[in-house]
Amino acid sequence: MVKKVIHVTKPWLPPLQDVLPALEDIWESRNLTNFGVYNARFCRQLEKQWGVEHVVTFANGTQALLAALSCLPAGEKGEVITTPFTFIATTNSIIWTGNRPVFVDINPRSYGLDVEAVEAAIGPKTVAILAVHCYGIPNDVAALQRLANKYDIPLLFDAAHGFGVELDGKSIFHFGDMSVASFHATKVLNTFEGGAVACHSAVTRDKLVNFSNFGFQNETTISSLGLNAKMSEFNAVIGLLQLDHISSALRGREAVAKRYRQQLSDIPGLHMPEVPTHTKINNAYFPIFIGADAKADRDSIYLYLREYGYMVRRYFYPLTCDFGITEVEATSIKYPVPVARRCADEVLCLPIYPDLELDHVDEIVRLLRGRLC
Ligand SMILES: *Cc1c(COP(=O)(O)O)cnc(C)c1O
């Protein structure tokens, strides 16, 4: 018997026959990349959906983060106040762009930045705040924006988990000076690989576009050090088709999350994030936290579920400040991060994707109950 394997996520795809006409068109035109018509259409659609003035697409979310950090209004390098409870790409991008990560603790309810800790870390060398909407749960964006205004510091969001999230009726990509999306295969909306930056200023938009295209301002002028980070037409086609199907994908995720939530609420020592108020969530992930008061520890549960073919993941363990990366060790500034550390030690992300069969959810719940009740 082939052992069943259920991964933490499974990429959602549009019907294959819908892709073919666009591919025929591309074969005909031979416009494969470099700001083509599909890319432009995808950008305009995202601008409309997110309610932002400008969206620039990228080859992936990491390139989008590099671009955002390279196109800060003042253009200087320095300290970027950030969270260690994130995917390593957030931290890597800070270091690749010649900045220094300043790690501060997170808020235990939003898993985003602790606003007081951010304020305490602001200094003369601070060039940006880079917050992460972990699991698609919004940061306290209003309080962070007040801080950013008070100290005149750009506020950036790594919203790689945020597609489909709304706060007070506005897309999460609306907030901050720049907000970064990832369209990686594992994300809520995927273009196989892809990313984007949403921003409100045409000056920033132009900088981002130039950055993605080697720094070219025109044929004979380089405006700044750039990369090749453009999104190809194929990826843009997939993005446009994914947008047509995103609401049913979000509904599928919601059904899975609801089933977990109903059945997991009374397990001693197992904690779930509170559903935030004024927020339309996207159920990008289904994190649970196995507390010190639980009958079994997180890692034993992790191994146990994996034995049964449920490939649960510890997002995010270890903290990015604890990976032992030489550059992180050499350059970063670390404030105490007890909440982030506890979350990293207790978290387990359960499988969730739009077409996950609810029987699997029920079996995972049974397995968890067997260990924890
Ligand atoms: C996925 C992810 C990224 C990187 O996106 P890619 O498209 O994979 O490069 C950045 N930050 C966070 C928090 C992520 O989860």
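Is R298 buried or exposed? R298 is buried, with a relative accessible area of 4%. Here buried means under 20% relative accessible area, exposed means over 50%, and partly exposed lies in between (1.4 Å probe, protein chains only).

This is a predicted model, in which local features need pLDDT of at least 70, side-chain atom pairs count only at pLDDT 80 or more, and totals for chains, interfaces and linings use all residues. Residues are numbered from 1 along each chain as its sequence is written, and side-chain values use heavy atoms, with hydrogens and water left out.

**Salt bridges around R298**

- The structure holds 12 salt bridges. A salt bridge is a side-chain nitrogen of Lys or Arg within 4 Å of a carboxyl oxygen of Asp or Glu.
- R298 pairs with D299 in one of these salt bridges. Their closest N and O atoms are 2.7 Å apart.
- D299 is partly exposed, at 31% relative accessible area, whereas R298 is buried.
- A network of salt bridges links R298, D299 and R314.

**A bridge between distant parts of the chain**

- D322 forms a salt bridge with R341, and the closest N and O atoms are 2.7 Å apart.
- This pair links distant parts of the chain, 19 residues apart. D322 sits in the loop between β16 (310-311) and α10 (326-331), while R341 belongs to helix α11 (residues 338-346).
- Helices (H or I, at least four residues) and strands (E, at least two) are DSSP runs, numbered from the N terminus.
- D322 is partly exposed, with a relative accessible area of 37%. R341 is also partly exposed, at 35%.

- R342 forms a salt bridge with E346. The closest N and O atoms are 3.8 Å apart.
- R342 and E346 are separated by about one helical turn, because they are four residues apart in helix α11.
- R342 is partly exposed, at 39% relative accessible area. E346 counts as buried, at 12% relative accessibility.

**Nonpolar surface patch**

- F214, F216 and I222 make a nonpolar surface patch of about 270 Å².
- Patches are made of residues with over 30% relative accessible area and no salt bridge; like charges are joined within 9 Å, nonpolar side chains (Val, Leu, Ile, Met, Phe, Trp, Tyr) within 5 Å.
- Accessible areas come from the Shrake-Rupley method with a 1.4 Å probe; for residues, only the protein chains shown count as cover.
- I222 lies in strand β12 (residues 221-222). I222 is partly exposed, with a relative accessible area of 47%.
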